Amino acid sequence: MAEPILKVNSVTKCFGGLTAVDDVSFSVEKGEIVGLIGPNGAGKTTLFNVISGYYAPTKGNVIFQGNDISGKPPYDLAGVGIGRTFQVVKPFAGLTVLENVTIASFLKHPKKADAERHAWQVLETTGLADRANVSAAGLTLAGRKRLEISKALALEPSFLLLDEVVAGLNPTEADRTVELIMKLKAQGLTILIVEHIMRVIMNISDRLVVLNFGKKIAEGTPSEVSSDPHVVQAYFGEEAA
Amino acid sequence: MKNRGATILAIIGAALLILPLVVHDTFVLRVLTEGVMWIGLAIAFDVIAGYTGYLNFGHGAFFGIGAYTIGILMMQAHLPFWAALPAGGVAAGIVALIAGIPTLRLKGAYFAIATWALSRAIQQLALNMEMTGGPDGMRLEAFLNPQFFYYLMLITVGATFAILWYLLERAPFGLKLKAIREDEEGAKALGLNPTKLKMQSFILSALPTGILGGIYAYWITFIDPSSTLGDLVSDQAVVMVVFGGMGTLFGPALGAILIFAFKTIFWAYLSDFQLLYLIILGALIAISVIFIPNGLWGTLVKRKAGATRPEQKAEPASEPAALSAVAAPEEGN
Amino acid sequence: EQRNFFKIGVITELSGDLVTGGNITKRGYDLWAQEVNAKGGIEIQGKKYPVKLVYADAQSNPAAGAAAAERLITQEKVDFILGPYSSGVTLAVAPVVDKYKIPMITGSAESPLIWKNKFKYTFGTIPPINFTGATSIKTLTEMKPAPKTIAIIGSNDAFSKATAESYKAAAEKAKLKIVKFSIVPSGQDMTPLLSAVRSMKPDVIAFGGHDEEHVKFVKALKQIGYTPKALLMHCGITDKAFIDAVGKDGEQIFGTTCWTGTAKTKSKVLWPNAAAYAAASQKAFNNPGDYTQGGCSAAGIAFQTALQKIGAKPGMDEATRTKLITALEQIDVQTFYGRVKFATSGEFYHANVGLDPLTVQIQGGQVKTVGPKASVEAPAIYPMKEWKSR
Amino acid sequence: MNLLDVNGISVNYGDIQALWNISFSVAKGQLVALIGANGAGKTTTLKSLCGLIPTASGTIHYDGKLVTGMPVHKVVDLGITLVPEGRQLFPKMTVEENLLVGAYLKRAHGKRAQTLKRIYEIFPRLEERRTQTAETLSGGEQQMVAIGRALMQDPQVIMFDEPSLGLAPIMVQEVFKVIQELHKQGLTIFLVEQNVHQTLKVADYCYVMENGRIVGQGTGKDLEADESIREAYLGF
Amino acid sequence: MMELLPQALTDGILLGGIYITIAIAFSLTYGVMHVIDFAVGEWIMFGAFTGYYLNKWTGLDPFLFLPVIFVLYFGVGYVIQPVIHRVLSGTKGNPFLMGLVFTFGLAIMFRGLALTAFGFYSNSIPSAFSEGSFNLEPLGLTVTIPTVRLVGLAYALGITLILHYLLKKTNFGLGVRALAQHKDAAGLMGVNSKRTGSYVYGIYVGISAMTGVLLGCILSIGAQMGNEYTIFAFFVVVLAGMGYLAGVPWAALLLGLVQSIFMIYFNPSHTLLAVFAILYIILLISPRGLFGKGV
Ligand SMILES: Nc1ncnc2c1ncn2[C@@H]1O[C@H](COP(=O)(O)OP(=O)(O)OP(=O)(O)O)[C@@H](O)[C@H]1O
Ligand SMILES: Nc1ncnc2c1ncn2[C@@H]1O[C@H](COP(=O)(O)OP(=O)(O)OP(=O)(O)O)[C@@H](O)[C@H]1O
Ligand SMILES: [Mg+2]
Ligand SMILES: [Mg+2]
């Protein structure tokens, strides 16, 4: 197998006395979807922040396409092909949906007209095109989640970090998003996804990495992981088991 | 729509250009010169405040730095005005660069007050230096040609307006700044470097302000710390921009025109009620904030419907490679 | 333009930081105009022309001052101008009046800088501060026992700093030992500095500042409990408002001025003497007026005198105005304010050097002249009474 | 007896009408759920119930009292409270302070030590983190604080706006357990959820909302059996 | 020069006390309402003039009026707050900036009103406290403490403690802090946001007005006095960390000490330069104020 697109090597991230991510290692192969799961507060978002450049790791490093990217700022990482969404959505509230996406499109399309055209296409894909001219603040949660994905996609990334993009969507909406994610995978995008909705994460992930109290407690295919007693106890609870 | 706007602008521009040929009244020219200067100061201020979201309460410092640079270069280095003028802008730009690196890390009110402190510090510096003449200020050689200053101001502000219009409304730069204004952290994930963008906008705001300060110095012939480095420019710019509408170019220009006109008319023709002026101006500001929080421009000109959706037909042919897959029709699955 | 009255532009600071000074200036001009008009106007070749003042607010800002001058000259077509309170505004206005060749007398601005620039059309009735400062230092050195040490403090604005510097020059000349010379930022609490001064125990403390700073200064000195043998300030203390504000703490403070309401002046123009002027002012403004206000009224008188001399009528053309300048350069007139005579060369170019500077002291709530000898109204009280035992 | 009676309310955001003549009721002691697609107007309904946004028409009665037009602080004083969407904690306050604000109301103030203890029993995690500021908590921890804070008010009716949002499965079960527990203890509960499966299981009665209108209602069982509901909201 | 140090420190602390009085309530209202009130100096000025005229009419010591002035201006603030609230809770534009500009307009208007009503002269408020001073000579220190400034410091510390108690120990304070951080959520907890906001603004205006009387006794009063105090109020509050009440006394003392030490040991004309530079540098090092606890 080729070199993995992303390698997380013994990453530790501390906040003062609290170790939010504790010596976590795993890798993501090109073209696969890896699910990152774990109880609330396990350190998933923190790990995303490390990978996408928002935090420098306290220890360890992150290798992306063969280069050590730990400590590089997010805007540089966007440039090398890492796109991400935020669990707490961050729309540019005072701008329209189209403008929001256009800003991301600038990365690959420095001309404004090109960027705008590209943004339209992204919005068509994500199903927000008919809301393009409303202010981003006026979107519902579902809309904002979709806007998050649109912005990340407009960067034309090769690697996508999705932090709970399905959470809060009703089943039909969720299904649409899942469809979109599968489509992206089909195009060769590599995806690392955090999600608590089992129906979603179990279906789309090729592999799962499980965190608990900052530590990796399991890794494997969905079926392997869901039968792991540690994971069941820490994460799924008895009922699901 | 766009054409009509351009036509109106062209007519206003042409009218302003030929005006001195028709109007010989030097007082009117002086008032217009100052009015145009305020338009320039307001739009330059809005680059950092309205577009980028950093309320600079020390905008006046750039003005004063420009004024003093020209004063010192002309009176002490005996440079001709034309040689000194660009230096005014450059000096303001350099100060923006040096001060911006640390200051732009601050947010919201902290930034506002740090810039205020900085401008006060610069004023104190001018009060305590030999080169500036200290509290006595500095006199420049008088060259009182009203037409000259009118045209110089008009061309400088016109050029500033055009350049800013291009950069902020036509080029991606303006939208990038707005992204910074809305959410700096979020913008980083989209490949924007906030530090760099903020820096650029701060310098872009300082440069024309410094040049206007330089023209002012030569025009008024006397500068001192309280008039050029005091709060006047900063305060007035804030009021004009907020009144007119932040984050646009026409708003601040409109705000500058109206506030300046109000001030001037009151000053010239109702000077017996000078104290009333303060009361009315204050009340006007307060009331306008309550009733037109988007500024006059934002209220008058409702945001236009926005970009139109390109026709579906354009889709397959013009798609960039990376996305074509994303947008690929259903059967691609 | 044909008219049967003189139209006079008044440029002064009616708003902004210098509003106090600007209004005092305005009172001086107003009182003059009122008095002239009460007498039917300025008599030129047997006919009386009343005066009409047109105000323009300089907003304590040189640019507004210049615009004001331009408006008064080109729109209002004023015959001449009564000038601003502050030196800064005056410096911006002077080139404009030079350009249009419109005479201006300012009754207030006393910074030496104006006169060094030798503006042809600008005159001033108040002598420059460096012309007046020496007198009061000299008066103090004549006290018994003579003071030996002095601390000088000036606020960091053009006028106050010049005041402090003129005291410094005079003290050096008088061989007083200067234990401290400090310029402080305007408007600040000076207590810490005065604590330092106290430790040097100077006999005299001299301060150059503005009205509000005077009040703070006195209170700060009192609060730290240091009474120098003499406390010297400038003309601001002669204003009734200062005396009212500090009450008994103002007693025995020295000041420098060229005029008081009790000055021994004699005049044939408008008011026969200082007392008459003070009474008129008291009636008009409930305030006897100070040196700045008087200087402004005297500016009007200077114009009036020069106009009469050349027989100029309202709506003067350029040639007449040039003649008016010559006339102004030649006048030497006794007014309620004292002698008005403008220097025509040197560092005091066009400033009034006809006056004798006075040393004054607040005694019993009144401003009394205590020096130089020729003008003394009352003996100086020296040393000053302790703050505590007042 | 109906504790909550909503009669024909409409709500506008500027020019946009978000709710159209909504009516429903919640009986005392019941657990009533409201489900619907994203943007259907569920959050808007909850906000107008507790006075956070004004209604354009219609009436809301709580315990027989008219509450339409009442400011939010008066409404909650009557014993109805909301665990808002997105938690809305006081970010700079510690976990414990957040909980204590819950007992701001006079009627809850007296019992606050007791209630606090109970809440720490339900959520031991919160006791561990009681001095941590709310903004640094993980999503799940924040949800616990939000629920705890509402309980501190000692309410009669709790309205939940998507309480399971972003929670790990184990926590979702936990939250539903807590909700059921509260229900058992006699609290009246009005629940807005996307987790339709679970919701239909626990709800006594259920309303379905679409485009700002109530389009269906029934017991959980009825709705689960309903073809069109299954299709639209259960996703398979 | 070292023998001056005790006095320099004393002067600095006393000056710091003055800054506390200016800034403490201002910090409170910023913390709760997120409004940077440009009119803070004007409230001080109005209070000062009210004290001045009350003293003139009744001849009583101005310190006796402090409660009256507090109540009076509490009422004024209480009445004005809803308007500010309206500006700040607007959904259009940038409410924070709007609040700033709104109070800026108020400040200009107030200054105009004051110039019209009170004239342009400077004045001073006499008080029994203005007379004496404590001398620490018996303790072997050449230190003089003016009574009126000591009273000022005590007043400052008293107000600080009262506000601190109110915020941290009372239910009202809990509501205030909740309101400061999340308005809607505070409402859900039963906090009456309108009334609490009005109380806070009333308290702020009332305290500022009382402070004016104090300043009139220590320094001077005048229709234009506000601006200078507004600047220092801002600086102290920013240095303390905006809205962080406990930081105010330290920030104020620091500013006072810097000014005092600088005036005594360095070139006094650079005092303000030093103050601004220090403020600037501290902000750069610690962007949320001295303790990093600003909001
Ligand atoms: N900036 C911070 N300062 C201090 N602690 C933090 C900070 N950010 C996160 N934490 C702590 O780190 C731990 C991990 O948080 P993180 O947000 O990564 O969890 P998560 O796995 O994403 O949880 P969830 O599924 O609830 O979103 C939590 O206990 C949280 O309180
Ligand atoms: N502040 C607002 N301004 C304008 N429109 C709004 C606002 N808040 C909500 N809306 C609109 O009102 C409608 C109902 O929104 P609401 O948030 O109540 O839906 P919801 O059912 O709670 O959705 P979700 O499941 O996503 O939380 C939506 O169309 C939304 O766009
Ligand atoms: Mg997370
Ligand atoms: Mg909702």
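Analyst: Helix H3 of chain A, residues 97-105, is mostly covered, with nine of its nine residues buried (buried is under 20% relative accessible area, exposed over 50%, partly exposed in between, with a 1.4 Å probe and protein chains only). Helices here are DSSP runs of H or I with at least four residues, strands are runs of E with at least two, and both are numbered from the N terminus. This is a predicted model, in which local features need pLDDT of at least 70 and side-chain atom pairs count only at pLDDT 80 or more, while totals for chains, interfaces and linings use all residues. Residues are numbered from 1 along each chain as its sequence is written, chains are lettered from A and ligands numbered from 1 in the order in which they are written, and side-chain values use heavy atoms, leaving out hydrogens and water.

The buried residues of H3(A) include A:Val97, A:Leu98, A:Glu99 and A:Asn100. Their cover includes helix H4 (112-126) and helix H5 (141-154) of chain A, and also helix H7 (172-182) of chain B; contact means heavy atoms within 4.5 Å.

The loop between strand E6 (82-84) and H3 of chain A holds A:Gln87. With A:Thr45 (OG1), A:Gln87 (OE1) coordinates the magnesium ion (ligand 3) at 1.9 to 2.1 Å. Donors are N, O and S atoms within 2.8 Å of the metal (3.2 Å for Na, K and Ca), and sites may look incomplete because water is not among the atoms. A:Thr45 sits in helix H1 (residues 44-51) of chain A, 42 residues from A:Gln87.

A:Asn40, A:Asn170 and A:Pro171 supply 27% of the area that chain A buries against chain D, more than any other three residues. Between chain A and chain D the count of salt bridges is zero (a side-chain nitrogen of Lys or Arg within 4 Å of a carboxyl oxygen of Asp or Glu).

Key:
Buried area is the accessible area (1.4 Å probe) that two parts lose on being put together, summed over both.
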